[in-house]
Amino acid sequence: YDDRDGKIWMDGALVDWRAANVHVLTHALHYASSVFEGERCYGGKIFKGHEHSLRLIESGRLLDMPVPYSAEELDRAKAEVVEANGLQDAYIRALAWRASGPDMGVSAARNHVRVAIAAWEWGSYYGDAKWQGAKLDISRWKRPDPETIPAAAKASGLYMICTMSKHAAEAKGCSDALFYDWEGYVAEATGANIFFVKDGEIHTPLADRFLNGITRQTVIRIARDMGLNVHERRISPEELSEFSECWLTGSAAEVTPVGQIGEHKYKVGQITREIAEAYDALVRA
Ligand code: PMP
């Protein structure tokens, strides 16, 4: 991704794409002192951009790493990046990280926090097969206890096991992996939240131990506005065989139907379709 034309916003100014570099002694590279956002724009307009800016700042706060820009400044910077790259339908990636500086060790409070924002065209997260229903592997790793790591932050360190789990899933011909949490309940995928349908009602894991996605919250609102019951609760793996439909939500994943988790099969059903259509209409409204 580094060898492209275009502009990236870095610490307050647009720089050439190929010049948006950091030093190898960057604290974040060694100690995972970084937080990020993934969001999409539709027709040049960023969906829930302000919420994402606020979450970046909150993630930084949770990691004791104050982001040196206001949400309004981040909003403007993202709009500038979209505009400078002439984008309409695109993915936007903001990153805040602790830089190289006077300290090179675990403690680095004197090292500045830097921010970069890039954007590029990006189609469906799971490719053309989206409507066939994604196949999920079950990860051998567990989402960690919030007493172990700040689980509500969108922090890079939380993604180490996501990459490992997704690679393992892809090696088995799956498109993603489902995590259980440290207590053994169903949690989320490697970059998306999960929903299920049983008897015409929606069930989704309670988001008190992993990222409470902005798309998850949007989809819960959409479903309730459609008059559907949504239950946010603990879901045990034994229940995976009882659901009829399943889908993932995320800024990148949008609403993606799931066709299979391990040995359990799901249909791409009516509720999944209605929710996906309502979400697509909302992001372009
Ligand atoms: N969980 C994880 C681990 C994620 O990476 C994402 C994507 N940001 C989500 C859930 C969904 O979050 P959102 O809907 O805010 O994109």
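**Ligand shell and domain contacts**

The shell around the ligand divides into 3 nonpolar, 8 polar and 3 charged residues. This description rests on a predicted model. In total, 14 residues surround the ligand. The closest are Gly213, Ile214, Thr215, Gly250 and Ser251. Two elements, α5 (214-225) and β13 (245-250), each supply at least two residues of this shell. The largest share comes from α5, which gives 3 residues.

The protein chain is divided into two parts: domain 1 spans 7-120, and domain 2 spans 127-283. The C-alpha centres of domain 1 and domain 2 are 26 Å apart. Contacts between the domains involve 18 residues of domain 1 and 11 residues of domain 2. On the side of domain 1 that touches domain 2, the elements giving two or more residues are β3 (34-42) and α2 (49-62). Strand β3 provides the largest share of that side, with 8 residues. By residue class, the side of domain 1 that touches domain 2 comprises 8 nonpolar, 4 polar and 6 charged residues.

Terms used:
Residues numbered from 1 in each chain as written. Predicted model: local features only at pLDDT ≥ 70, side-chain atom pairs only at ≥ 80, totals over all residues. Domains from an automatic or database assignment. Contact = placed C-beta atoms within 7 Å. Helix = DSSP H or I, 4+ residues; strand = E, 2+ residues; numbered from the N terminus. Nonpolar A, V, L, I, M, F, W, Y, C, P; charged D, E, K, R; others polar. Near = placed C-beta within 6 Å.
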